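Reader: Hi, I'm new to reading structures and would like to go through the charged pairs in this one. Could you take me through them slowly?

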Amino acid sequence: MAYRHVYVHVPFCTRRCSYCDFSIAVRRTVPVREFLQAIRTELVVRRAAGACREVDTLYFGGGTPTRLGADGVVALLEVVREFVSLTAGAEVTLEANPEDISEASVAAWQRAGVNRLSIGVQSFDDRVLRWMRRVHDAEAARRAVQAVRDGGISEFSLDLIFAVPESLGRDWSRDVSMMLSLEPAHVSLYGLTVEPHTPLGRWHARGEIRESSEERYEREFLDAHQRLTGGGFEHYEVSNFARAGRRARHNSAYWRAVPYLGVGPSAHGYDGEFRRWNTEAYAAWQSALLLGTDPVGGVERLTPDNRVAEAVYLGLRTRDGLALSDQERQHVQPWLEAQWMEWTESGRTSHVRCTATGWLRLDAMAADLTALRGRS
């Protein structure tokens with residue numbers, strides 16, 4: 001399989017954020033050389049399987065890839081480019097936290113080939129940032145965006161988290177205004193969820209914090225949708241907004257179920273038939289590679305039922321929508337009348353797609369349609 005999209009997971013973080021359940025490795029000193037050697041070794045394993053060729057998108061996620069330092073990120077790009085070549089105009093994205101961004105680091109990343117940043121701002125309220133256990137403050141986020149522009153990278157996305165506990169007194173409208181004032185090309189919004197094996201999960205279990213109400217969750221999501229679409233953004237996926245022509249190409253490949261290669265601890269990959277994922281813990285992943293073994297943590301073959309479920313869910317989560325049979329058209333009529341869905345034309349075919357209100361009911365509607373297709 002010659003993949004056109006590559007994801008590299010960099011697990012290192014300064015500390016674990018209160019809500020985070022990702023595969024991370026908290027390190028005071030990041031073992032850059034050790035990590036680069038492990039990535040090189042895994043890419044040798046993947047190349048032996050025919051995995052690496054010319055790619056259209058390359059994405060460095062985490063964790064916090066910028067914890068490698070400016071030189072470490074440049075070195076990581078050099079390692080990856082020993083195994084893959086980038087097509088003309090390839091999208092190369094680096095996830096970054098504001099505290100790691102300076103004009104000098106951005107310029108170094110840009111010279112090395114990074115042309116897009118995904119910046120984890122999360123909030124412009126310092127009280128909320130401290131509660132989230134973020135390292136940066138609001139002013140650092142503003143300085144980071146200016147440094148990105150001055151350093152030569154024009155394509156950047158800002159992440160915000162909504163529906164934080166009401167007891168924090170966060171002004172969501174102000175956060176959206178602050179984000180818009182920075183004029184990003186792309187925005188990602190994520191509703192806060194309580195995962196059991198996180199600091200937030202433990203606080204919730206002890207009754208120290210209460211989740212935001214469903215009403216507040218819906219209100220903040222819809223308010224942001226209205227503000228952003230009214231400001232010229234396309235709400236092209238349930239959590240993502242972009243200026244015209246500025247959609248995230250790498251993530252869009254996931255939503256189209258296009259094959260992609262994943263390397264690094266916990267990284268997932270898909271070849272069109274099988275999904276595979278690496279062992280999650282950094283130490284176990286690195287140890288496997290030192291022993292010359294594949295750090296794979298698991299493999300599953302997609303069944304016909306899996307494919308039906310994924311086609312429905314992926315179709316409904318984007319603005320591209322989902323083509324329906326005549327039986328399905330009748331089935332979704334109540335959702336159309338409730339304005340949870342709408343019709344859209346795609347070439348010569350009519351598709352149904354979710355409205356913003358419908359996206360709040362995405363899981364239930366996708367499960368319902370999947371069950372219907374399973375009975376057909």
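Author: Before we start, one definition: a residue counts as buried when its relative accessible area is under 20%, as exposed when it is over 50%, and as partly exposed in between. Please also keep in mind that this is a predicted model.

Reader: Okay, how many salt bridges does the structure hold?

Author: There are 20 salt bridges in the structure. One of them joins D56 to R4, where the closest N and O atoms are 3.2 Å apart.

Reader: Which parts of the chain does that pair tie together?

Author: D56 belongs to strand 4 (residues 54-62) while R4 sits in the segment before strand 1 (5-10), so the pair ties together parts that are 52 residues apart in sequence.

Reader: And is R4 buried, exposed or partly exposed?

Author: R4 has a relative accessible area of 34%, so it is partly exposed, and D56, with 21%, is partly exposed as well.

Reader: Switching topic, what does R40 pair with?

Author: R40 forms a salt bridge with E82, and their closest N and O atoms are 2.9 Å apart. This pair links distant parts of the chain, since R40 is in helix 1 (residues 32-48) and E82 is in the loop between helix 2 (69-80) and strand 5 (85-96), 42 residues apart.

Reader: What about R216 and E220, buried or exposed?

Author: Both R216 and E220 are buried. They form a salt bridge, and because they are four residues apart in helix 8 (residues 214-230), about one helical turn separates them.

Reader: Which residues are linked in a network?

Author: A network of salt bridges links E42, R46, R276 and D294.

Key:
Residues numbered from 1 in each chain as written. Predicted model: local features only at pLDDT ≥ 70, side-chain atom pairs only at ≥ 80, totals over all residues. Heavy atoms only, no water. Salt bridge = Lys/Arg side-chain N within 4 Å of Asp/Glu carboxyl O. Helix = DSSP H or I, 4+ residues; strand = E, 2+ residues; numbered from the N terminus. Buried < 20%, exposed > 50% of the residue type's maximum accessible area, 1.4 Å probe, protein only.
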